[in-house]
Each structure stands twice: as structure tokens, then as C-alpha cells.
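Work through these exercises with the structure open beside you. Try each task before you read its solution.

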Amino acid sequence: MKVYTKEIKVRTHERFELIDITDPVEEAVRESGVRNGIALVFATHATAAVIANEHEQGLIEDIKNKVAEFTEPGSSKWRHNMIDDNAHAHIGSALFGQERIFPVVNGRLVRGVWQNIFLLEMDGPRHERRVIVTVLGE
Ligand code: ZN
């Protein structure tokens, strides 16, 4: 079995932002040489998430707005905000998830037409966010 790992580095510019990382993830799958297996896409952060959804500008704004509404940045009810100001981002990261797994079939990452892969930033801007892609298979 092959195991291939690649690190993708992303700079973010807004507090809430969706960064499309489909291309570098698919590049990692190609570089891996794996024909059939799985690809893990994992953000090494407690205040960001990885999601798969449609890359449409209106929807991207909708998701950002709903995530902000749901996680309530700055709320005085979040105890973590007494030592830091990003409880909302930790909560979003915990609930939305720091990873997604995709099948790899015949050398290609399998995803739906409306499933681009995004890093969901919730505590930006950040100079460097890291996403690890591990491709496993044969
Ligand atoms: Zn924190």
C-alpha cells in the first residue's frame, strides 16, 4: 500500500472565509500515484474546518453569514472569550469538522459536480493555515 502526504499552505484574509483548495488537493492525489484508495484532507487547526460544497459566490457568502450567525462571535456567553476572543471559531471547528475523506478511484479524487473542497476559516486573517492531504491506497 502507498501512503503519500502533502502539506498545503493557505493565507487567509478575512475573519470568515472559504478558500477553495480543490486544485492542490487533486494535485496531491495525482502526485501520490495512488490509483484506488482514499484521500484524507485535514486542517491542523482548532479554529478552522474543511468542507465540501458548491463554489458559487452567493452560496459562499450565505455559508459565511450563517456560520457567523450560528457560532456568535464576540458573545459574552462564551467562557473561552475571557482568555481569548475566538470561542466561536473553536466551536465551529469542533462542530463542522477538521477533516473530510474522499474516495480515490482510477487515479482521481471522487467528488460531485457541486463538491469543491474548501478550508473554512473562522478566525482569520491568518498568515498561514496548514492543510494535510494524506492519500492511501494502491
Ligand atoms: Zn482560542
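Predicted model: local features only at pLDDT ≥ 70, side-chain atom pairs only at ≥ 80, totals over all residues.

## Exercise 1: The length and sides of helix 2

**Task.** Helix 2 has 15 residues; work out what span to expect at 1.5 Å a residue, and compare it with the distance between the end C-alpha atoms.

**Solution.** 
- Locate helix 2 at residues 57–71.
- The expected span is 1.5 Å times one less than the number of residues.
- For the 15 residues of helix 2 that gives 21 Å.
- The end C-alpha atoms are 21 Å apart, which agrees.

**Task.** Which residues of helix 2 are buried, and what covers them?

**Solution.** 
- Buried means under 20% relative accessible area.
- Ile-60, Ile-63, Lys-64, Val-67 and Thr-71 are buried in helix 2.
- They cover an arc of only 95° around the axis, so they lie on the same side of helix 2.
- Recall the general rule: an α-helix has 3.6 residues a turn, so residues three or four places apart point the same way.
- The cover over the buried residues of helix 2 includes strand 2 (17–20), helix 3 and strand 7.

## Exercise 2: The two ends of helix 2

**Solution.** 
- Begin at the start of helix 2. There a side-chain oxygen of Glu-56 comes within 3.0 Å of the backbone nitrogen of Gly-58.
- Place Glu-72 in the chain: the residue lies in the loop between helix 2 and helix 3 (87–96).
- Glu-72 has 31% relative accessibility, so it counts as partly exposed.

**Task.** Asn-106 is another residue other than glycine with a positive phi; what is the value, and where is Asn-106 found?

**Solution.** 
- Phi of Asn-106 is near 50°.
- Asn-106 is in the loop between strand 5 (99–105) and strand 6 (108–109).

## Exercise 3: The zinc site

**Task.** Which residues coordinate the zinc ion, and what makes the arrangement irregular?

**Solution.** 
- List the donors: His-80 (NE2), Asp-84 (OD), Asn-86 (OD1) and His-90 (NE2), at 2.1 to 2.3 Å.
- Note their spacing in sequence, H-x3-D-x1-N-x3-H.
- His-80 is in the loop between helix 2 and helix 3, while His-90 is in helix 3, 10 residues apart.
- Look at the angles. The four donor atoms subtend 85 to 160° around the zinc ion, which makes the arrangement irregular.
- Four donors count as tetrahedral if all angles lie between 85 and 135 degrees.
- Check the exposure of the two histidines. His-80 is partly exposed because its relative accessibility is 28%. His-90 is also partly exposed, with a relative accessible area of 27%.

**Task.** Which residues of helix 3 are buried, and against what do they pack?

**Solution.** 
- The buried residues in helix 3 are Ala-87, His-88, Ala-89, Gly-92 and Ser-93.
- They pack against strand 4 and helix 2.
- Just after helix 3, Gly-97 takes a positive phi of about 100°.

## Exercise 4: Two faces of helix 1

**Task.** Which residues of helix 1 are buried, and which are exposed on the other side?

**Solution.** 
- Thr-22, Val-25, Glu-26, Ala-28, Val-29 and Ser-32 are the buried residues of helix 1.
- They cover an arc of only 150° around the axis, which puts them on the same side of helix 1.
- Turn to the other side of helix 1: Asp-23 and Arg-30 are exposed there.
- Take Glu-26 as a check. Its relative accessibility is 18%, so Glu-26 counts as buried.
- Leaving out residues up to four places away in sequence, Glu-26 touches Leu-109 and Arg-111.
- Just after helix 1, Gly-33 takes a positive phi of about 75°.

Key:
Residues numbered from 1 in each chain as written. Heavy atoms only, no water. Helix = DSSP H or I, 4+ residues; strand = E, 2+ residues; numbered from the N terminus. Buried < 20%, exposed > 50% of the residue type's maximum accessible area, 1.4 Å probe, protein only. Arc of directions from axis to C-beta. Contact = heavy atoms within 4.5 Å. Polar contact = N/O pair within 3.5 Å; in protein donor to acceptor, adjacent residues only side chain to side chain. Donors = N, O, S within 2.8 Å, 3.2 Å for Na, K, Ca; no water. Tetrahedral: all angles 85-135°; square planar, octahedral: opposite > 155°, others 65-115°.
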